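Please work through the following exercises with the sequence and the model at hand. Each task is followed by a solution in steps.

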Amino acid sequence: MPVFLPLVDEPASALLAALARIGPVVISPSGISNLPQGIDYSVTLENSPELDVDLILSWLNEGAEKIIAPLALVKEFIAAGVPSDRLSLLLDVGNFSAVSDTVRNGVSAVFLKTTSIDIDLVSSVSKFFTNSSTYVLVTASFPLTIANIRELLAINAIPVIPTSQLTLSPTSTQRINIADALLAPVVSDRPDGLFPTVVTTETGHSLGLVYSSAESVKESVITGKGVYQSRKHGLWRKGETSGATQDVVSIRLDCDSDSLEFRVKQHGAGFCHLNRQSCFSEISGLPALENTLRSRLSSAPEGSYTRRLFTDSALLQSKIMEEADELCRAVDKKDIAFEAADLFYFVLTKCVQSGVGIKEIEQSLDAKAKRVTRRPGNAKPQWTKPAAAAKPAPIPTTSAGGSIRMRTADLAGIAPDVRAELLKRPVLKSDEMIIKVKPIVDDVRTRGDAALLELTAKFDKAQLTSTVVLPPFAPETMEIDPDVRAAIDQAYLNIHKFHDAQADKDTLVVETMPGVVCSRFARPIGRVGLYVPGGTAILPSTALMLGIPAQVAGCKEIVLATPPRADGSISPEVMYVAHRVGASAILKAGGAQAVAAMAYGTETVPKVDKIFGPGNQWVTAAKMLVQNDTDALVSIDMPAGPSEVLVIADHTAKPAFVAADLLSQAEHGVDSQVVLVAVSLSAEKLAEIEREVDVQANALSRVEIVRESIPKSIIVKASSVEEAITFSNDYAPEHLILHLENAQDHVASIDNAGSVFVGPFTPESCGDYASGTNHTLPTNGYARQFSGVNTQSFQKHITSQQITAEGLKGLGPVVATLADCEGLQAHANAVRIRLATYQ
């Protein structure tokens, strides 16, 4: 609610510019074109002839807040359907009794014209117009006083003051200074009489808290610059010495009239003395993006992707169209937010390129919200599919939710930046997750079992009395279906056989020169922690994949951590595997709290030296956090991300097999990454694969997960096997499946992959469960530098050397010379003292 409402009755550009900073004005139709840009205004029709309703509506559509009209015109406008929230009644005191209920309910404000201030009369009018704002225009030749303004505001009536009675100069008997009028109701509860002032950006994001005085506010209103009151140094003209000046956009009072808000356009490094925009925190969201883009507009290197976006209009247009299409196709909340963020990025790039900022966008949105007439809302012809347009053959579906399809891209002639986008995974915000898990890790580290029990109750919804199960495990906790037991036993044998063959059992001995023998031998890591996820699936297979190599390597302590069920028990399948691999303890906990317990140890949980196993982003962040803490002295197997598979298929591939392989990873989670690289496949073959994906997906119990993961997955068209393998090596998938003619011949070309599945009868599922290879594999492109878990992951290698006297005679001078070169005298002396003794 404004303190007062200026009625523009004489032209005065400087006065109008100042008034624009403190609130809306009232103008006659003839003065609309002379208003400063950005000022809020209402239009008064007091002295205007009868006007066409369409003209009135056009003013409202173009931004007028309200139309203020006499009683006769108001009745006409109400009948014509002008919205009540945009219509105000101009009421002469003498016509008060002529107002009907229709008029009272058809307006949102009343402008009361009176020759003097009669508080009782104004109060009566306000009570009659219960749901409307009340404005009072006193038609006297002298201006209202500060006391008059306070008197009217006390009964929730807003004074209307003609600009002929306002001034930028000091208040006199003829005119009142606009800052004096603005500050009339302001009170201060401070001994120094200053007003707390919140300073924000043009879009309302906080910059800092300062203080204002009547003097500083007056200067800001008049000059349009940010001026405040220092509690120690008097007037503070922001940026006078630093250059970080401010243009005042608006000055408003809070609801209790005891503090102010300055909205400003900040220049220079920012508001804060620490050379950042805000005193409270760094800006984020769209304002941060706008600042980044403005910086890149002036500094992006020639030839960079960002510079191309600013200079290549066709590229930018393509990216906007592409992201808009992907947003339209997004279905789940997370995906919609992700695609909307991409679209915002490119849209804001277009805006910044053209000198448009968020402020101008918001102004346009506000203007659209003020429109009282609406367009039909039909799409333009180029975005409307003709009814008779040919459509691709429909993909059959058994789901009411529509067919399940992948996106498509073609490597032919693709731009490098677009190809790079195809290789990207969803952004893993490791820093943010580490910040989130740190309190959990610190709590377990500090309070041990007590914290572990509380966190397990909170996150796993299980009320436990103890955290650890120790062997021998009770037989009733391992009771499982005989077929499942037989399957686990066979898988155990296969995995054990393959991992036993990997064990580094022999000592490597090399005589590097006569009398100098170097050796290398393996030793098991003493204490290992194995994380077996619970979540959306029971995973005894993960317990096998981690427990067997630990057992083969000879690790003395094997701590297996897994989330408990609601009743506090562990799934019997996992219990049985823990028994078979010789687990020394089972920790009944999941998430970051389990990782912390194994990293630091608690009263009952043994501390381990290395932590293995996949998990969600909380588990991954906790693993990354503890491995960088020297107090924990713990390492991890590898970084982890969502499950992923890349399938390369040529003309020999069976569509049903390909679809099944894609879905075997897609069902893991909504963020699973699934890629099909199609080598010269016909449109018919691709359609057949997509039909199989849809049919098979809708037969799965986890179809809702697939329904979210598959639309985010992609078919990449390649013209040759070589091009497909090159793309795969760049992608570095967790699982790579080769549906190729003579598939084995192409394995030699694979440089980056967690595990390769060769030929039509090698489904990825076999590696997940029982072929013998390990399914704990690098994701997110880490196959470029990490191996999957193997027996040697549970071993460490120690080197030794033994040198005879003759050997030192030949090697010693070499070592001494190098030590002298590096200036390490004691190193050289350790050799020379022996050589001297020998001689």
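The model is predicted, so local features need pLDDT of at least 70 and side-chain atom pairs count only at pLDDT 80 or more, whereas totals for chains, interfaces and linings use all residues. Residues are numbered from 1 along each chain as its sequence is written, and side-chain values use heavy atoms, with hydrogens and water left out.

**Exercise 1.** Determine whether T167 is buried or exposed, and list its contacts.

Step 1. T167 lies in strand β9 (residues 166–167); a strand is a DSSP run of E with at least two residues, and a helix is a run of H or I with at least four, both numbered from the N terminus.

Step 2. T167 counts as buried because its relative accessibility is 12%. Buried means under 20% relative accessible area, exposed over 50%, and partly exposed in between (1.4 Å probe, protein chains only).

Step 3. Not counting residues up to four places away in sequence, T167 touches L15, R175, I176, N177 and I178. Contact means heavy atoms within 4.5 Å.

**Exercise 2.** Locate L777 and decide whether L777 is buried or exposed.

Step 1. L777 is placed in the loop between α26 (764–769) and β31 (795–803).

Step 2. With 10% relative accessibility, L777 counts as buried.

Step 3. Leaving aside neighbours within four places in sequence, the contacts of L777 are M638, E734, H735, G754, S755 and G788.
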